[in-house]
Amino acid sequence: MSEKSSEERYHYTPSKEPEALSVNPMFARKGEESVPKYKLPDNSMLPETAYQIVHDEIGLDGNARLNLATFVTTWMEPEATRLYMETVDKNMIDKDEYPQTAAIEQRCVNILADLWHSPDARSTIGASTTGSSEACMLGGLALKRRWQNSRCAQKKSADKPNIVFSSAVQVVWEKFANYWDVEPRYVSITPDKPYLSPEGVLKAVDENTIGVVPILGNTYTGLNDPVADIAKALDGLQKKTGLDVPIHVDAASGGFIAPFLNPDLVWDFKLPRVYSINASGHKYGLVYPGLGWVVWKDKSVLPEDLIFKVSYLGGDMPTFTLNFSRPGAQVLLQYYNFLRLGREGYYKVQKESQNVAHFISKEIKDMGMFELFTDGTDIPVLAWKLKEGYTKKWNLYHLSDKVRERGWQIPAYPLPPSMQDTTIMRIVVRNGMSMDLAHLLIDDIKRAVEYLDNLKGPMPTEVTHIRFHH
Ligand SMILES: Cc1ncc(COP(=O)(O)O)c(C=O)c1O
(Lines give C-alpha, C1' and ligand atoms only; values in the text may rest on other atoms or scores of the structure.)
Protein backbone atom coordinates (compact mmCIF):
# COMPACT_ATOMS: atom_id res chain seq x y z
CA MET A 1 0.00 0.00 0.00
CA SER A 2 1.39 3.42 -0.88
CA GLU A 3 1.83 5.56 2.19
CA LYS A 4 1.22 9.24 2.62
CA SER A 5 2.41 10.78 5.81
CA SER A 6 -0.06 12.18 8.27
CA GLU A 7 1.57 15.57 7.59
CA GLU A 8 0.59 15.25 3.94
CA ARG A 9 -2.84 14.18 4.88
CA TYR A 10 -3.75 16.39 7.77
CA HIS A 11 -1.33 19.29 7.79
CA TYR A 12 -1.17 20.16 4.14
CA THR A 13 -0.69 23.83 3.50
CA PRO A 14 -3.28 25.39 1.20
CA SER A 15 -1.59 27.51 -1.45
CA LYS A 16 -3.22 30.69 -0.18
CA GLU A 17 -3.57 30.22 3.51
CA PRO A 18 -4.88 33.41 5.09
CA GLU A 19 -2.27 35.19 7.18
CA ALA A 20 -4.94 36.75 9.38
CA LEU A 21 -7.82 35.56 11.53
CA SER A 22 -11.11 37.15 10.69
CA VAL A 23 -13.03 38.19 13.77
CA ASN A 24 -16.80 37.89 13.75
CA PRO A 25 -18.19 41.45 13.41
CA MET A 26 -20.44 40.81 16.41
CA PHE A 27 -17.31 40.67 18.59
CA ALA A 28 -14.85 42.87 16.77
CA ARG A 29 -14.17 46.40 17.91
CA LYS A 30 -13.26 48.93 15.27
CA GLY A 31 -9.99 48.02 13.59
CA GLU A 32 -10.09 44.48 15.02
CA GLU A 33 -11.91 42.76 12.17
CA SER A 34 -8.76 40.92 11.29
CA VAL A 35 -5.79 39.96 13.46
CA PRO A 36 -2.49 38.40 12.37
CA LYS A 37 -2.34 34.63 12.73
CA TYR A 38 1.41 34.03 12.85
CA LYS A 39 2.60 37.25 14.51
CA LEU A 40 1.85 38.73 17.91
CA PRO A 41 -0.97 41.25 17.34
CA ASP A 42 -0.02 44.87 17.98
CA ASN A 43 -3.10 45.56 20.07
CA SER A 44 -5.14 43.83 22.74
CA MET A 45 -8.63 42.44 22.26
CA LEU A 46 -11.50 41.85 24.64
CA PRO A 47 -11.34 38.59 26.60
CA GLU A 48 -14.66 37.40 25.11
CA THR A 49 -13.29 37.87 21.61
CA ALA A 50 -10.08 35.93 22.30
CA TYR A 51 -12.10 33.21 24.00
CA GLN A 52 -14.49 32.90 21.07
CA ILE A 53 -11.68 32.63 18.50
CA VAL A 54 -9.92 29.81 20.36
CA HIS A 55 -13.18 28.11 21.29
CA ASP A 56 -14.35 28.09 17.67
CA GLU A 57 -11.11 26.73 16.28
CA ILE A 58 -10.87 23.75 18.63
CA GLY A 59 -14.41 22.79 17.65
CA LEU A 60 -12.68 20.95 14.80
CA ASP A 61 -10.91 18.59 17.25
CA GLY A 62 -12.36 15.13 17.71
CA ASN A 63 -14.81 14.41 20.52
CA ALA A 64 -12.66 13.24 23.45
CA ARG A 65 -15.36 10.85 24.70
CA LEU A 66 -15.32 9.00 21.34
CA ASN A 67 -11.54 8.87 21.28
CA LEU A 68 -10.93 5.14 21.65
CA ALA A 69 -7.30 5.58 20.61
CA THR A 70 -6.06 7.26 23.75
CA PHE A 71 -5.22 5.71 27.10
CA VAL A 72 -5.53 9.11 28.73
CA THR A 73 -8.42 10.16 30.94
CA THR A 74 -11.13 12.14 29.16
CA TRP A 75 -13.68 12.41 31.97
CA MET A 76 -13.64 13.15 35.69
CA GLU A 77 -16.58 13.86 37.94
CA PRO A 78 -17.70 17.44 38.77
CA GLU A 79 -16.11 17.50 42.25
CA ALA A 80 -12.76 16.59 40.73
CA THR A 81 -13.20 19.31 38.12
CA ARG A 82 -14.01 21.78 40.91
CA LEU A 83 -10.85 20.81 42.78
CA TYR A 84 -8.90 21.13 39.53
CA MET A 85 -10.17 24.68 39.00
CA GLU A 86 -9.31 25.58 42.62
CA THR A 87 -5.73 24.34 42.27
CA VAL A 88 -4.66 25.19 38.70
CA ASP A 89 -2.34 27.86 40.08
CA LYS A 90 -0.14 25.52 42.11
CA ASN A 91 3.41 24.88 40.99
CA MET A 92 4.60 21.45 42.12
CA ILE A 93 8.19 22.59 42.61
CA ASP A 94 7.23 25.29 45.14
CA LYS A 95 7.39 22.83 48.02
CA ASP A 96 8.07 25.53 50.58
CA GLU A 97 5.17 27.69 49.38
CA TYR A 98 2.71 24.80 49.02
CA PRO A 99 3.86 22.39 51.74
CA GLN A 100 0.57 20.48 51.87
CA THR A 101 0.62 19.83 48.13
CA ALA A 102 4.17 18.52 48.60
CA ALA A 103 3.04 16.36 51.54
CA ILE A 104 0.17 14.97 49.46
CA GLU A 105 2.54 14.15 46.60
CA GLN A 106 4.71 12.16 49.03
CA ARG A 107 1.60 10.44 50.43
CA CYS A 108 0.64 9.38 46.88
CA VAL A 109 4.14 7.91 46.44
CA ASN A 110 3.69 5.96 49.71
CA ILE A 111 0.27 4.72 48.59
CA LEU A 112 1.62 3.53 45.23
CA ALA A 113 4.70 1.97 46.84
CA ASP A 114 2.39 0.06 49.17
CA LEU A 115 0.04 -0.95 46.33
CA TRP A 116 3.08 -2.28 44.43
CA HIS A 117 4.44 -4.11 47.50
CA SER A 118 7.55 -2.08 48.26
CA PRO A 119 9.34 -3.58 51.29
CA ASP A 120 9.78 0.00 52.52
CA ALA A 121 6.62 1.78 51.36
CA ARG A 122 6.61 4.46 54.09
CA SER A 123 10.09 5.75 53.45
CA THR A 124 10.99 4.83 49.89
CA ILE A 125 11.51 7.47 47.23
CA GLY A 126 9.44 8.32 44.17
CA ALA A 127 8.15 11.28 42.22
CA SER A 128 5.23 12.64 40.33
CA THR A 129 6.04 13.54 36.73
CA THR A 130 4.33 15.01 33.67
CA GLY A 131 3.48 11.50 32.46
CA SER A 132 5.00 8.07 32.13
CA SER A 133 7.48 9.39 29.55
CA GLU A 134 9.30 11.50 32.14
CA ALA A 135 8.90 8.70 34.68
CA CYS A 136 10.51 6.19 32.26
CA MET A 137 13.40 8.58 31.60
CA LEU A 138 14.02 8.81 35.36
CA GLY A 139 13.77 5.03 35.83
CA GLY A 140 16.19 4.50 32.94
CA LEU A 141 18.59 7.19 34.18
CA ALA A 142 18.73 5.62 37.62
CA LEU A 143 19.56 2.24 36.05
CA LYS A 144 22.27 3.81 33.94
CA ARG A 145 23.88 5.72 36.84
CA ARG A 146 23.77 2.68 39.10
CA TRP A 147 25.47 0.57 36.42
CA GLN A 148 28.10 3.26 35.75
CA ASN A 149 28.88 3.61 39.46
CA SER A 150 29.23 -0.11 39.85
CA ARG A 151 31.44 -0.45 36.75
CA CYS A 152 33.68 2.42 37.92
CA ALA A 153 33.97 0.87 41.38
CA GLN A 154 35.18 -2.32 39.68
CA LYS A 155 37.59 -0.28 37.47
CA LYS A 156 35.80 -1.53 34.36
CA SER A 157 34.82 0.52 31.32
CA ALA A 158 31.41 2.19 31.50
CA ASP A 159 31.14 3.57 27.99
CA LYS A 160 28.96 1.00 26.25
CA PRO A 161 25.72 0.67 28.21
CA ASN A 162 22.77 -1.18 26.71
CA ILE A 163 19.16 -1.67 27.71
CA VAL A 164 16.86 -4.55 26.79
CA PHE A 165 13.17 -4.46 25.87
CA SER A 166 10.84 -5.97 23.28
CA SER A 167 10.42 -4.68 19.74
CA ALA A 168 6.88 -3.67 20.80
CA VAL A 169 8.22 -1.16 23.30
CA GLN A 170 6.66 2.30 23.60
CA VAL A 171 8.52 5.04 21.74
CA VAL A 172 9.68 6.67 24.99
CA TRP A 173 12.25 3.89 25.44
CA GLU A 174 13.70 4.55 21.99
CA LYS A 175 13.93 8.19 23.04
CA PHE A 176 15.59 7.25 26.32
CA ALA A 177 18.21 5.19 24.51
CA ASN A 178 18.79 7.93 21.94
CA TYR A 179 18.92 10.91 24.33
CA TRP A 180 21.07 9.21 26.98
CA ASP A 181 23.44 7.29 24.69
CA VAL A 182 22.39 3.81 25.65
CA GLU A 183 22.31 1.05 23.04
CA PRO A 184 18.73 -0.25 22.68
CA ARG A 185 18.55 -4.02 22.36
CA TYR A 186 15.23 -5.14 20.96
CA VAL A 187 13.96 -8.67 21.52
CA SER A 188 11.67 -9.34 18.58
CA ILE A 189 8.09 -10.31 19.31
CA THR A 190 6.86 -13.25 17.23
CA PRO A 191 3.38 -14.61 16.38
CA ASP A 192 3.69 -17.38 19.00
CA LYS A 193 5.42 -15.11 21.56
CA PRO A 194 4.05 -11.60 20.99
CA TYR A 195 5.73 -10.36 24.21
CA LEU A 196 9.18 -9.96 25.77
CA SER A 197 10.27 -13.58 26.14
CA PRO A 198 12.65 -14.63 28.95
CA GLU A 199 14.74 -16.63 26.42
CA GLY A 200 15.09 -13.54 24.24
CA VAL A 201 16.11 -11.49 27.27
CA LEU A 202 18.82 -13.99 28.20
CA LYS A 203 20.27 -13.83 24.68
CA ALA A 204 20.32 -10.02 24.75
CA VAL A 205 21.83 -9.20 28.16
CA ASP A 206 25.52 -8.97 28.99
CA GLU A 207 27.79 -7.20 31.45
CA ASN A 208 26.94 -3.84 29.85
CA THR A 209 23.18 -4.19 30.34
CA ILE A 210 21.89 -1.46 32.64
CA GLY A 211 18.50 -3.13 32.94
CA VAL A 212 15.58 -4.97 31.34
CA VAL A 213 12.25 -3.24 30.78
CA PRO A 214 9.15 -5.43 30.60
CA ILE A 215 5.85 -3.68 29.95
CA LEU A 216 2.68 -4.27 31.88
CA GLY A 217 -0.03 -3.47 29.37
CA ASN A 218 1.68 -3.19 26.00
CA THR A 219 0.73 -0.09 24.02
CA TYR A 220 0.27 -1.96 20.72
CA THR A 221 -1.87 -4.82 21.95
CA GLY A 222 -2.60 -4.51 25.68
CA LEU A 223 -0.62 -7.68 26.52
CA ASN A 224 1.46 -8.01 29.70
CA ASP A 225 5.10 -9.04 29.42
CA PRO A 226 5.80 -11.99 31.76
CA VAL A 227 7.70 -10.05 34.43
CA ALA A 228 8.02 -12.92 36.95
CA ASP A 229 9.38 -15.32 34.30
CA ILE A 230 11.87 -12.71 33.13
CA ALA A 231 12.98 -12.12 36.75
CA LYS A 232 13.37 -15.87 37.24
CA ALA A 233 15.47 -16.20 34.10
CA LEU A 234 17.69 -13.35 35.32
CA ASP A 235 17.97 -15.00 38.76
CA GLY A 236 19.24 -18.13 36.99
CA LEU A 237 21.72 -16.05 34.98
CA GLN A 238 23.05 -14.43 38.16
CA LYS A 239 23.52 -17.83 39.79
CA LYS A 240 25.44 -19.06 36.78
CA THR A 241 27.52 -15.99 35.90
CA GLY A 242 27.27 -13.52 38.77
CA LEU A 243 25.68 -10.96 36.44
CA ASP A 244 23.05 -8.99 38.38
CA VAL A 245 20.66 -7.28 35.93
CA PRO A 246 17.84 -5.20 37.46
CA ILE A 247 14.34 -4.69 36.06
CA HIS A 248 12.34 -1.51 35.60
CA VAL A 249 8.68 -2.30 34.93
CA ASP A 250 6.96 0.10 32.56
CA ALA A 251 3.47 -0.23 34.01
CA ALA A 252 2.16 2.94 32.32
CA SER A 253 -1.26 1.32 31.99
CA GLY A 254 -1.01 -1.94 33.94
CA GLY A 255 0.20 -0.35 37.18
CA PHE A 256 -3.33 0.83 37.92
CA ILE A 257 -5.03 -2.32 36.54
CA ALA A 258 -3.18 -5.41 37.80
CA PRO A 259 -3.45 -4.55 41.54
CA PHE A 260 -7.25 -4.42 41.23
CA LEU A 261 -8.20 -6.88 38.48
CA ASN A 262 -5.40 -9.38 38.81
CA PRO A 263 -4.07 -9.14 42.39
CA ASP A 264 -2.43 -12.58 42.21
CA LEU A 265 -0.21 -11.64 39.29
CA VAL A 266 3.37 -11.30 40.51
CA TRP A 267 5.00 -8.42 38.64
CA ASP A 268 5.94 -5.68 41.15
CA PHE A 269 8.34 -5.16 44.09
CA LYS A 270 7.42 -8.61 45.37
CA LEU A 271 10.16 -9.56 42.91
CA PRO A 272 13.40 -8.30 44.49
CA ARG A 273 14.88 -7.80 41.01
CA VAL A 274 12.28 -5.11 40.23
CA TYR A 275 14.02 -1.88 41.24
CA SER A 276 11.57 0.68 39.91
CA ILE A 277 8.11 1.02 38.41
CA ASN A 278 6.40 3.78 36.46
CA ALA A 279 2.70 4.31 35.82
CA SER A 280 0.57 7.04 34.27
CA GLY A 281 -1.73 8.74 36.74
CA HIS A 282 -3.48 10.18 33.71
CA LYS A 283 -4.24 6.75 32.21
CA TYR A 284 -5.89 4.13 34.42
CA GLY A 285 -4.98 6.30 37.44
CA LEU A 286 -8.09 8.16 36.19
CA VAL A 287 -6.68 11.72 36.37
CA TYR A 288 -6.78 14.36 33.61
CA PRO A 289 -3.63 14.62 31.41
CA GLY A 290 -0.30 15.66 32.84
CA LEU A 291 0.53 13.07 35.51
CA GLY A 292 2.90 10.13 35.82
CA TRP A 293 4.58 8.35 38.72
CA VAL A 294 7.88 6.63 39.28
CA VAL A 295 8.62 4.72 42.47
CA TRP A 296 11.78 2.91 43.59
CA LYS A 297 11.65 -0.30 45.60
CA ASP A 298 13.59 1.39 48.42
CA LYS A 299 16.07 4.23 48.75
CA SER A 300 19.10 2.00 48.27
CA VAL A 301 18.41 1.42 44.55
CA LEU A 302 18.29 5.10 43.58
CA PRO A 303 21.87 6.46 43.31
CA GLU A 304 22.34 9.33 45.77
CA ASP A 305 24.20 11.46 43.24
CA LEU A 306 21.03 11.87 41.14
CA ILE A 307 19.08 13.46 43.96
CA PHE A 308 18.70 17.23 44.27
CA LYS A 309 17.32 19.07 47.26
CA VAL A 310 14.65 21.75 47.24
CA SER A 311 13.73 23.92 50.16
CA TYR A 312 10.80 22.67 52.22
CA LEU A 313 9.54 23.96 55.57
CA GLY A 314 12.91 25.41 56.43
CA GLY A 315 14.68 22.18 55.54
CA ASP A 316 15.46 20.22 52.40
CA MET A 317 13.34 17.81 50.42
CA PRO A 318 14.96 15.32 48.02
CA THR A 319 13.74 15.52 44.41
CA PHE A 320 14.59 13.66 41.24
CA THR A 321 12.72 14.99 38.21
CA LEU A 322 13.55 16.45 34.81
CA ASN A 323 11.13 19.38 34.97
CA PHE A 324 11.49 22.16 37.50
CA SER A 325 8.09 23.86 37.34
CA ARG A 326 5.02 21.77 36.58
CA PRO A 327 1.38 21.79 37.61
CA GLY A 328 0.52 20.49 41.08
CA ALA A 329 -3.22 20.17 40.46
CA GLN A 330 -3.07 16.71 38.90
CA VAL A 331 -1.25 15.36 41.95
CA LEU A 332 -4.11 16.63 44.12
CA LEU A 333 -6.59 14.99 41.74
CA GLN A 334 -4.72 11.71 42.11
CA TYR A 335 -5.06 11.94 45.87
CA TYR A 336 -8.73 12.86 45.44
CA ASN A 337 -9.20 9.64 43.43
CA PHE A 338 -7.34 7.57 46.03
CA LEU A 339 -9.63 8.89 48.77
CA ARG A 340 -12.80 8.88 46.70
CA LEU A 341 -12.41 5.43 45.16
CA GLY A 342 -10.24 3.37 47.46
CA ARG A 343 -9.50 -0.20 46.41
CA GLU A 344 -13.19 -0.93 46.05
CA GLY A 345 -13.83 2.00 43.71
CA TYR A 346 -10.76 1.38 41.55
CA TYR A 347 -11.81 -2.26 41.25
CA LYS A 348 -15.35 -1.31 40.19
CA VAL A 349 -14.26 1.26 37.61
CA GLN A 350 -11.57 -0.97 36.07
CA LYS A 351 -13.83 -4.03 36.15
CA GLU A 352 -16.55 -2.14 34.29
CA SER A 353 -14.01 -1.10 31.64
CA GLN A 354 -12.92 -4.71 31.36
CA ASN A 355 -16.54 -5.90 31.05
CA VAL A 356 -17.10 -3.41 28.24
CA ALA A 357 -13.85 -4.53 26.56
CA HIS A 358 -14.94 -8.18 26.81
CA PHE A 359 -18.36 -7.32 25.37
CA ILE A 360 -16.88 -5.43 22.39
CA SER A 361 -14.35 -8.25 21.85
CA LYS A 362 -17.05 -10.90 21.68
CA GLU A 363 -19.15 -8.85 19.25
CA ILE A 364 -16.13 -8.19 17.02
CA LYS A 365 -15.23 -11.90 17.05
CA ASP A 366 -18.79 -12.98 16.30
CA MET A 367 -18.87 -10.81 13.18
CA GLY A 368 -16.78 -13.54 11.58
CA MET A 369 -14.27 -11.60 9.49
CA PHE A 370 -12.02 -10.56 12.37
CA GLU A 371 -9.53 -12.45 14.51
CA LEU A 372 -8.92 -11.18 18.02
CA PHE A 373 -5.40 -10.48 19.12
CA THR A 374 -6.36 -9.48 22.66
CA ASP A 375 -9.74 -9.22 24.38
CA GLY A 376 -9.20 -6.92 27.35
CA THR A 377 -8.03 -9.54 29.84
CA ASP A 378 -4.62 -8.07 30.76
CA ILE A 379 -5.74 -4.42 30.55
CA PRO A 380 -9.09 -3.22 29.14
CA VAL A 381 -7.65 -2.94 25.63
CA LEU A 382 -8.62 -5.10 22.67
CA ALA A 383 -6.97 -5.51 19.31
CA TRP A 384 -7.96 -7.49 16.24
CA LYS A 385 -6.91 -8.17 12.66
CA LEU A 386 -8.82 -8.94 9.48
CA LYS A 387 -8.84 -12.66 8.68
CA GLU A 388 -6.41 -13.59 5.94
CA GLY A 389 -8.12 -13.66 2.51
CA TYR A 390 -11.47 -12.30 3.75
CA THR A 391 -11.68 -9.47 1.21
CA LYS A 392 -9.63 -7.59 -1.34
CA LYS A 393 -12.07 -4.68 -1.30
CA TRP A 394 -11.01 -3.02 1.95
CA ASN A 395 -8.63 -3.14 4.87
CA LEU A 396 -8.61 -1.96 8.48
CA TYR A 397 -7.45 1.52 7.53
CA HIS A 398 -10.60 1.90 5.45
CA LEU A 399 -12.70 0.65 8.34
CA SER A 400 -10.96 3.11 10.69
CA ASP A 401 -11.76 5.95 8.28
CA LYS A 402 -15.36 4.80 7.87
CA VAL A 403 -16.19 4.71 11.59
CA ARG A 404 -14.54 8.12 11.95
CA GLU A 405 -17.48 9.52 9.98
CA ARG A 406 -19.56 8.85 13.08
CA GLY A 407 -16.94 10.39 15.36
CA TRP A 408 -15.28 7.17 16.63
CA GLN A 409 -11.52 7.39 16.66
CA ILE A 410 -10.15 3.85 16.42
CA PRO A 411 -6.61 3.53 15.08
CA ALA A 412 -5.35 0.89 12.66
CA TYR A 413 -1.60 0.32 12.45
CA PRO A 414 1.02 -2.31 11.69
CA LEU A 415 2.60 -4.31 14.50
CA PRO A 416 6.27 -3.46 15.16
CA PRO A 417 9.18 -4.70 13.00
CA SER A 418 9.32 -8.51 12.92
CA MET A 419 5.51 -8.62 12.70
CA GLN A 420 4.95 -5.50 10.62
CA ASP A 421 2.96 -7.39 7.97
CA THR A 422 0.14 -7.74 10.48
CA THR A 423 -2.17 -4.76 10.68
CA ILE A 424 -4.38 -4.45 13.72
CA MET A 425 -7.08 -2.17 15.03
CA ARG A 426 -7.15 -1.30 18.73
CA ILE A 427 -9.71 0.00 21.17
CA VAL A 428 -8.77 1.36 24.60
CA VAL A 429 -11.76 1.12 26.94
CA ARG A 430 -11.59 3.74 29.67
CA ASN A 431 -13.82 5.04 32.41
CA GLY A 432 -16.71 6.77 30.62
CA MET A 433 -16.95 4.28 27.74
CA SER A 434 -20.26 2.87 28.90
CA MET A 435 -21.98 -0.33 27.84
CA ASP A 436 -24.59 1.88 26.10
CA LEU A 437 -21.89 3.58 24.02
CA ALA A 438 -20.36 0.15 23.32
CA HIS A 439 -23.66 -1.07 21.80
CA LEU A 440 -23.81 2.02 19.59
CA LEU A 441 -20.18 1.50 18.59
CA ILE A 442 -20.82 -2.11 17.56
CA ASP A 443 -23.81 -1.02 15.43
CA ASP A 444 -21.59 1.54 13.73
CA ILE A 445 -18.80 -0.98 13.09
CA LYS A 446 -21.34 -3.42 11.60
CA ARG A 447 -22.81 -0.69 9.39
CA ALA A 448 -19.34 0.32 8.24
CA VAL A 449 -18.40 -3.29 7.39
CA GLU A 450 -21.66 -3.78 5.49
CA TYR A 451 -20.99 -0.63 3.49
CA LEU A 452 -17.44 -1.71 2.65
CA ASP A 453 -18.49 -5.29 1.82
CA ASN A 454 -21.19 -4.05 -0.56
CA LEU A 455 -18.93 -1.79 -2.58
CA LYS A 456 -18.99 -2.58 -6.31
CA GLY A 457 -15.21 -2.37 -6.47
CA PRO A 458 -12.24 -2.21 -4.09
CA MET A 459 -11.42 0.91 -2.08
CA PRO A 460 -8.52 2.82 -3.64
CA THR A 461 -5.34 1.63 -1.97
CA GLU A 462 -3.84 5.11 -2.05
CA VAL A 463 -6.41 5.96 0.63
CA THR A 464 -3.86 6.02 3.34
CA HIS A 465 -3.73 5.42 7.02
CA ILE A 466 -3.05 7.83 9.80
CA ARG A 467 0.44 7.20 11.13
CA PHE A 468 -0.39 6.28 14.65
CA HIS A 469 2.17 7.05 17.30
CA HIS A 470 2.86 4.57 20.07
C1 LIG B 1 3.84 1.27 27.92
C2 LIG B 1 3.90 2.76 27.84
N3 LIG B 1 4.99 3.40 28.30
C4 LIG B 1 5.09 4.75 28.28
C5 LIG B 1 4.09 5.51 27.74
C6 LIG B 1 4.22 7.01 27.74
O7 LIG B 1 3.31 7.51 28.67
P8 LIG B 1 2.81 9.00 28.79
O9 LIG B 1 1.90 9.22 27.62
O10 LIG B 1 2.09 9.00 30.10
O11 LIG B 1 3.99 9.91 28.77
C12 LIG B 1 2.93 4.90 27.22
C13 LIG B 1 1.85 5.69 26.62
O14 LIG B 1 0.94 5.17 26.02
C15 LIG B 1 2.83 3.48 27.30
O16 LIG B 1 1.76 2.83 26.86
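User: Which way do helix 3 and helix 10 lie to each other, parallel or antiparallel?
Analyst: This is a predicted model, in which local features need pLDDT of at least 70 and side-chain atom pairs count only at pLDDT 80 or more, while totals for chains, interfaces and linings use all residues. Residues are numbered from 1 along each chain as its sequence is written. Helix 3 (residues 78-87) and helix 10 (residues 329-366) pack with their axes 9 Å apart at an angle of about 150 degrees (helices are DSSP runs of H or I, at least four residues, numbered from the N terminus; axes are lines fitted to C-alpha atoms over the stretch in contact, and angles run from 0 to 180 degrees between N-to-C directions). Angles under 35 degrees count as roughly parallel, over 145 as roughly antiparallel, 65 to 115 as roughly perpendicular and the rest as oblique, and helix 3 and helix 10 are therefore roughly antiparallel.

User: What classes of residue make up the contact of helix 3 with helix 10?
Analyst: The crossing of these two helices is right-handed (the near helix is turned clockwise from the far one by less than a right angle). Helix 3 brings Ala80, Leu83, Tyr84 and Thr87 to the contact, and helix 10 brings Ala329, Leu332, Leu333 and Tyr336 (C-beta atoms, placed from the backbone, within 7 Å). With Ala, Val, Leu, Ile, Met, Phe, Trp, Tyr, Cys and Pro counted as nonpolar, Asp, Glu, Lys and Arg as charged, and the others, Gly among them, as polar, the contact has seven nonpolar, one polar and no charged residues.

User: What is the relation of helix 11 to helix 12 in direction?
Analyst: The axes of helix 11 (residues 396-404) and helix 12 (residues 435-453) come within 9 Å, and helix 11 passes helix 12 in a right-handed crossing. Since they cross at roughly 125 degrees, helix 11 and helix 12 are therefore oblique.

User: Which residues of helix 5 and helix 6 make their contact?
Analyst: Helix 5 and helix 6 (residues 171-179) have axes 10 Å apart and pack at about 45 degrees, which makes helix 5 oblique to helix 6. The contact is made by Val172, Trp173 and Phe176 on the side of helix 6, and on the side of helix 5 by Ser133, Cys136, Met137 and Gly140.

User: Which helix gives the most to the shell around the ligand?
Analyst: Of the 14 residues around the ligand, Gly131, Ser132, Ser133, Gln170 and Ala252 come nearest (a residue is near if its C-beta atom, placed from the backbone, lies within 6 Å). By class, this shell has five nonpolar, eight polar and one charged residues. The most, three residues, comes from helix 5.

User: How far apart do the C-alpha centres of domain 1 and domain 2 lie?
Analyst: The chain is divided into domain 1 (6-61) and domain 2 (79-339), with bounds from an automatic or database domain assignment. The distance between their C-alpha centres is 41 Å.

Methods:
Contact = placed C-beta atoms within 7 Å.
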